[in-house]
Amino acid sequence: MTTVRTAAILLMSSLMSIPAVAQTASPPALDYAVVADSFSLPAGTTFGSTSGVAINSKGHIFVLHRGPNPLMEFDANGKFIRALGDGLFDRPHGLRIDAQDNIWTTDVRSHVVYKISPEGRVLLVLGVRDTAGEMHAYGHLRLFNEPNDVAFGPAGEIYVVQGHGKGEPKVIKFDKDGNFIKVWGKKGKGPGEFDVPHSLVFDAQGLLYVADRSNQRIQVFDGDGNYIRESSHPGTPCGLFMTPDQTIWLAHGHTGQIMTLDLKGKVLGVMADAGQGGMPNHGVAAQAVGSQAPRIIPAAFPSRRMFPKWR
């Protein structure tokens, strides 16, 4: 009897098109099924538009959304544990969890990145709230203009992509303590240029993959920003997640698909109609389940109508 793998779909929205890795045959369908009612929310509570999902070392699921109690934690079965972040966000966007279970979030309207301890205390703020730009007037702090997502390099370096339509698109690198190191990128279509760099992940070799959403491609760099290669993904490549076996999971907005890719960008499998009336065009996360295929949690729109179910 075939095991049905579960695709957990939250819900969210957005936009994009460029040249590609050749694909001679249609990739196989991923053996996943979308199911509803995954999360038990407190009475009278619902999700706003969901923009980020992440899973910690305990298998707990964190959901970042645009509504009251913007950061919620659930156990692996979707049971509500707690809510965090009231008063922190104006337009929450990216969500990641590091190896120490610290929670990292970005806010595209407030122009800040938060590092939050597993206990819920704000440990670090990158940028200055409600201040868009490049450097602080006194020259001691790096600013952001619409930070979209955050990733961590091999030595704990912090990488942030910015630019959601108004801000100049860039990758900004900090050391593990949040000290600014360097920046690269500008708006354009050439190598090392971006149009809404929306998500980023590292592979085991220390290469950085950037979902260059409105250029409809994924660009690959070394940790210092040197361009390595790119792959084309017509549509809106929005959310990236790297599994330990070095498979890339892609939330592919405007196609209604979740895809698996190899490190060169070749499409290995496709889950069509993953949005179920929405578009999976924000974050995506994978949760290992023993030796089975991972459970997948993308974000789509509108999250008020449908929630995934673990089983």
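Predicted model: local features only at pLDDT ≥ 70, side-chain atom pairs only at ≥ 80, totals over all residues.
Local features need pLDDT of at least 70, side-chain atom pairs count only at pLDDT 80 or more, and totals for chains, interfaces and linings use all residues. Residues are numbered from 1 along each chain as its sequence is written, and side-chain values use heavy atoms, with hydrogens and water left out.

The chain has 24 strands and 0 helices; these are DSSP runs numbered from the N terminus (strands E, at least two residues; helices H or I, at least four). Of its 311 residues, 56% are buried, where buried means under 20% relative accessible area, exposed over 50% and partly exposed in between (1.4 Å probe, protein chains only).

The largest nonpolar core has 14 residues. Such a core is a set of buried Ala, Val, Leu, Ile, Met, Phe, Trp, Tyr and Cys residues joined through side-chain atoms within 4.5 Å. Tyr 209, Leu 240, Ile 248, Met 259 and Leu 261 have the most contacts inside it. Strands giving two or more residues include β16 (208-212), β19 (236-242) and β21 (257-261). Apart from this core lies another, of 13 residues, among them Ile 97 and Tyr 114.

The whole structure holds 9 salt bridges, each a side-chain nitrogen of Lys or Arg within 4 Å of a carboxyl oxygen of Asp or Glu. Arg 82 pairs with Glu 73 at 2.4 Å, N to O. Arg 82 is partly exposed at 21% relative accessibility, whereas Glu 73 is buried at 5%. Arg 129 and Asp 90 meet at 3.6 Å, N to O. Both lie in loops, so the pair ties together parts 39 residues apart in sequence. Asp 212, Arg 217 and Glu 230 form a salt-bridge network.
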